[in-house]
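Please read it with the coordinates open.

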Amino acid sequence: MSTATESHEDTHEHGMSDAGYIKIALILAAITALEVSTYYVDFGPLFLPSLIAMMFVKFFMVVSYFMHLKFDNKLFSLMFYIGLGLAIFVYVAALATFKFFM
Amino acid sequence: MAETATHSADHAADHGHSSTGISNNKLAMWLFLGSECLLFGGLISTYMLYRGRVSDGPHPEQIFDIPFTSVSSFVLLMSSLSMVLAVTSAQRKDYSRTNLWLLVTAILGATFVGGQIYEFTAFYREGLGFSTSLFSSSFYTLTGFHGVHVTVGVIMLLSTVGILKKNRATGDKAESVEIVGLYWHFVDVVWIIIFTLVYLIPA
Amino acid sequence: MAIIERPDTATVPAVVTPSQAFGVIKRPVASSGWREWLFTVDHKKIGIMYGAVALFFFIVGGVEALLIRLQLAAPDGRILSADQYNQMFTMHGTTMVFLFGMPMAAAFANYFLPLQIGARDVAFPRLNALSLWLLVVGGLILNASWFLGGAADGGWFMYAPNSGPVFSPSNGVDYWVLGLQVAGLASLIGSINLIVTVLNMRAPGMTLMKMPIFTWMILVVQFLLVFSLPVITVALVLLMFQRSYGATFFDVSQGADPLLWQHLFWIFGHPEVYVLILPAFGIISEVLPTFSRKPLFGYPFVVFSGAAIGLVGFGVWAHHMFASGLGPVSVAVFSIATMAIAIPTGVKVFNWLLTMWGGKIWYTTAMKFAIGLVTLFTIGGLSGVTHSVAPSDTQQTDTYYIVAHFHYVLFGGMVFGLFSGFYYWWPKVFGKMLNEKLGSWNFWLMVIGMNMTFGPMHILGLQGQPRRMYVWTEARAGEGFFNLGFWNLIASIGSFILAAGVLFFLINIVHTAKKGKVAPADPWDARTLEWITTNPPKPHNFDRIPVVHHLDEFFHRKYAEDTATHTMKRYATAEEVIKAEEDAADAHIHLPSPSYWPLVLALGIGVLCMGVVYGVPVMVVGAAILVFSVFGWVLEPSTADDSEIDPPSVDGSTKEIAPIG
């Protein structure tokens, strides 16, 4: 399996320096500030899409960098994203049958 | 065909015991987290379905204290930074630093849980009991489940500190810290979703 | 507990000084007798215990089924009251699915998966033991309800609001919820364990596409479990909060949507169906090639159709809810998805047929059960396709036609597959051959009984006999060929023939244990890795971890192609192959040591759950045991220290000690 060789090189790099992580944290903090600002400032029609987009950006930043998924073995990503994908699929479908999105 | 097979087998053998070259413990943790996605997905969906169904008691937008929750969300988000710093210290075998950052993470986590307890009591005083409405039941169940996860995380962090200090670790120390970290970040990530879907987007 | 590869132990003084792993409890290192089983972490012993537990619950569930059939055998049945009847069918379904079907598959998986991939144990031996004990605790909680005020009575899918405190006032549903929660936790832990085992612990050379097909199917099942169990966990938590703590989730007067339960239950429940059937598919995909003396036809197709079933299995759950008013779009989507899932299943059936085609078929009992599965499952599969057509399903919903369908796929499919596995692998596990003559009785009585029981249910269902009806009257039974009374009687007689078939199996077990024929090394001329070791296997499974070059590695070590005739010719006997491995035995074999903690932790979780019914003090005790055992567990190394082994090892020996639990 080709993943075996990739993983081994990757685990040695292990992503980022402490400064890099602090940078990520600052970006996350800034996005959170922006999210909270939607409570005070009217974003109009952009309100919902921008909040959802920011939520996903934060989610994937934590998962990719803090949890190393970006640098780690692809098998870990597979395990996690199968679960995440299935969760989104089944629950969105179930909510759709309740006419939640209409 | 047979030759390539043995070749890759020898290759795997060089990297320790596992066929894929990755750690059993980490793989198990990631599988568990994949599974947890469906657990929290179910609870979040239940809340989304029921958040507007208030037969009695306060509505979500009447009761949520966005500034307060924003602060506690920020505290939890920053605990992810201290956690990742604990992991990198452990990988450098700098265990006193590791313990320091783990403690910081635990304190931030405990602050978040404290905030949640405060929030729950405040809501309860305003008339939002567990069985008041569909909204209240699903809200308390979702955030309560998350709170229990954070509490378990805090206990894990403190235990890790104790185990590292007494040198009672039974496995690779850096890996243990990393696995506790994965759990911790996941709890944070779930809150990122809850904060947006539950608090910021009104019903 | 056994100690292997230890030279001249007789000269060593027996000094026992176990170190204290945690607190006051000493590690169980020198155990024997019952302790050998209670504290074991050996996947083979755990597998056997899984099997014993599952077989016990198979009998319990079977007795429940017989009572149901007795009640319905004649008009105005008086064997059971309406309430008892409700409890009986609820517990029959629950027991057969959660306490027989899943654990028996887990028994096979536990025992054979490490052997088939050439590993010495699973990835997490203590978690494996925890899964077993949690299952036992879950089964006890579920069945304790019989003696504590009545069992659950809402049907095995426990639809809301029928499951709420208003319509199910006894504690039965509470025990049901808690029991399933604990059994679900057992399966979740087990599934993570087995996935890691398959991915990480394969023998050198065993790529994913060289794995035995049984291992593949088990892998797919574990993925289904790991991603579907959390959904039922959510559903059960909601129900528990409603029943015990006053939540409102399914309270229609508050505006709740009872369909939420149905969705959550079936998002779990449909993958669960494949969790039950795929291990049986895996077993017969080993049995059919072995007894046809041919490789499995289209191995990659069987693998990928199994994976496809797993994936699509997550997208068809709402076909259980066609009658609930989902709306035309949802019904159409799920109807088409359901038809689609028949395709990979059909692919498998053709693979099995073509495996047998042109083979030199050896009609052993295992083979008969496997052929029985192919036939009976196909019948059940075809009636399943009729359910995928929503208008037809609307008419059939909650009739005996459904009961007929799922018993053909689950009894004709799952149970026949498991029995095929019993006969095929019994010599491997116990070193003795099950009697073929008794086996033949076992098989034919089960085939006849099964078709007599479930065949007429198609007619009953289409005539409109509703499911879960506790009594029927002669006045409404109808005339002639479609008389309900006649077919109900046939079904009831059939169920006793079926029970007689199972009884022959139990007799066979006793007979074999007492005077069964000792199994040769390779009784079936088998093909896969688990046979490259003794019967039963040594505690450490393999003297040397085998290096794999082929799919069906064992077959290829015995046979090679004769270049002149282009046929496979036998070059070595199984004994020679095993001998070659033994001669090259590994010097250092380390196995994990036994542990108390899995058992203690499982008990703690059991007590904690009882706290939901019996109040906070019980819960606190349970939580205390839980915390205590988790810390004990974490602080205990997986392999016992040398000082903990009795007797301590001798310096200068070439072999390391290998304590085995």
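Predicted model: local features only at pLDDT ≥ 70, side-chain atom pairs only at ≥ 80, totals over all residues.

The points below cover the chain interface and then the annotated spans.

1. Read every value below as computed from it.

2. Extent of the interface. On chain B, 48 residues are in contact with 45 residues of chain A. The two chains bury about 4,100 Å² between them. Carbon and sulfur atoms account for 80% of that area. Three residues stand out on the chain B side: B:W30, B:L38 and B:I192. Together they supply 14% of the area that chain B buries against chain A, more than any other three residues.

3. The rule finds two salt bridges across the interface of chain B and chain A. The side chains of B:R92 and A:D18 form a salt bridge, with N to O at 3.5 Å.

4. Make-up of the chain B side. Helices α2 (24-50), α4 (66-91) and α7 (173-200) of chain B each supply at least two residues of the side that touches chain A. By type, the residues of that side divide into 28 nonpolar, 15 polar and five charged.

5. Annotated spans. An unreviewed UniProt entry lists "transmembrane region" for residues 27-50, 70-88, 100-118, 138-161 and 182-201 of chain B. How do two of these spans look in the model? Residues 70-88 of chain B are 100% helix and 0% strand, with end C-alpha atoms 28 Å apart. Residues 100-118 of chain B are also 100% helix and 0% strand. Their end C-alpha atoms lie 27 Å apart.

Definitions and conventions: Residues numbered from 1 in each chain as written. Chains lettered and ligands numbered in written order. Heavy atoms only, no water. Contact = heavy atoms within 4.5 Å. Buried area = accessible area lost by both parts, 1.4 Å probe. Salt bridge = Lys/Arg side-chain N within 4 Å of Asp/Glu carboxyl O. Helix = DSSP H or I, 4+ residues; strand = E, 2+ residues; numbered from the N terminus. Nonpolar A, V, L, I, M, F, W, Y, C, P; charged D, E, K, R; others polar. UniProt positions renumbered as here; feature names shortened; annotations may be inferred.
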